[in-house]
Amino acid sequence: EKYECCFESRESAVLNSMENTIFVKGFDPSLARDDIKTALRTHFGTCGKVFVPTECKTGATLGYAFVDMRNNIEKALKLSGSSLGGWNLEVMMDKDRSEFGLTNFRGCKRCFDYHITALKLLPINFV
C-alpha cells in the first residue's frame, strides 16, 4: 500500500525555520487536521504556516503542531497554559522542546525515522 507522508508535504517546510517556529501540544487531537490548523491560526493570530503532523496510514493527528510565528514569538510563548476548546496548550520554542512519548505509531518509514532522529519520541511501537 502507498501512503502520503505528511513530513514530505509542502506544509512541513515550517520545520526549516526553527528560529521562528513554536511547538504546540495539548489541543484536542481528535479534531480534524484542518480544524486544528484553523483553531491554532485563530489562537495565535499573526502566525505564518501551521503544520499538524499525522500518521500516514491512519491520517490521525499526532497531538502536536508546529507554528511559524514570523513575528510576536514572545507573545505566542505567553499563551502556554491558555485554553483552546477546553484543552490547555503547552507552547515552547521548537528548538527547546523536551522529549515526550508516542505509542502505537503507524506511520511510514520516513515518519518513523523523523520521529526517532528529530523529535526523539521514545518509546514508539512501529507497526
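Biologist: Let's start with Y64: does it count as buried or exposed?

Modeller: Keeping in mind that this is a predicted model, Y64 has a relative accessibility of 1%, and because the cut-off for buried is under 20%, Y64 counts as buried.

Biologist: Which aromatic residue does Y64 pair with, and what is the geometry?

Modeller: The structure holds four aromatic pairs. In one of them, Y64 and F66 are arranged edge-to-face, with 5.7 Å centre to centre and 85° between the planes. F66 is buried as well, its relative accessible area being 0%.

Biologist: And which residues form the aromatic cluster?

Modeller: The cluster consists of F23, F51, Y64 and F66.

Biologist: How many residues of strand 3 are buried?

Modeller: Five of the five, residues 64-68, so strand 3 is largely enclosed by the rest of the structure. Y64, F66 and D68 point one way from the strand, while A65 and V67 point the other way, and all are buried.

Biologist: Zooming out, what is the overall pattern along the sequence?

Modeller: Read along the sequence, the protein goes β-α-β-β-α-β-β-β-α, which comes to three helices and six strands. Of its 127 residues, 45% are buried, and the accessible surface comes to about 7,000 Å², with 48% of that belonging to carbon and sulfur atoms. As for contacts between residues at least 6 apart in sequence, 59% join residues at least 24 apart.

Biologist: Switching to packing, which residues touch the most other members in the largest nonpolar core?

Modeller: That core has 18 residues, and the ones touching the most other members are I22, V24, F27, L40, F44 and M69. At least two residues each are supplied by strand 1, helix 1, strand 3, helix 2 (73-77) and strand 6 (90-93), and helix 1 gives the most, with three residues. Apart from this core lies another, of 12 residues, among them C6, F7, L15 and M92. As general background, nonpolar side chains tend to be buried together in soluble globular proteins.

Biologist: What does L40 touch, leaving out residues up to four places away in sequence?

Modeller: With those left out, L40 touches V24, F27, V50, A65 and L84.

Biologist: There's a lysine I was wondering about, K37: is it buried or exposed?

Modeller: K37 is found in helix 1, residues 33-44, and because its relative accessibility is 7%, it counts as buried. Not counting residues up to four places away in sequence, K37 touches E11, V50 and V52.

Biologist: Last topic, confidence: where is it lowest and where is it highest?

Modeller: Confidence is lowest in helix 3, residues 109-119, at a mean of 60, and highest in strand 5, residues 87-88, at 95. Over residues 99-103 the pLDDT is below 50, although that stretch has 14 contacts in the model beyond near neighbours in sequence. Residues 121-127 are also below 50, and that stretch has 26 such contacts. For the protein, the mean pLDDT is 77, and 71% of the residues reach 70 or more.

Definitions and conventions: Residues are numbered from 1 along each chain as its sequence is written. This is a predicted model: local features need pLDDT of at least 70, side-chain atom pairs count only at pLDDT 80 or more; totals for chains, interfaces and linings use all residues. Side-chain values use heavy atoms; hydrogens and water are left out. Buried means under 20% relative accessible area, exposed over 50%, partly exposed in between (1.4 Å probe, protein chains only). Helices (H or I, at least four residues) and strands (E, at least two) are DSSP runs, numbered from the N terminus. Contact means heavy atoms within 4.5 Å. Rings of Phe, Tyr and Trp (its six-membered ring) pair if their centres lie within 6.5 Å; planes under 30 degrees apart count as stacked, over 60 as edge-to-face and the rest as tilted. Accessible areas come from the Shrake-Rupley method with a 1.4 Å probe; for residues, only the protein chains shown count as cover. A nonpolar core is a set of buried Ala, Val, Leu, Ile, Met, Phe, Trp, Tyr and Cys residues joined through side-chain atoms within 4.5 Å. pLDDT is the predictor's confidence in each residue, from 0 to 100.
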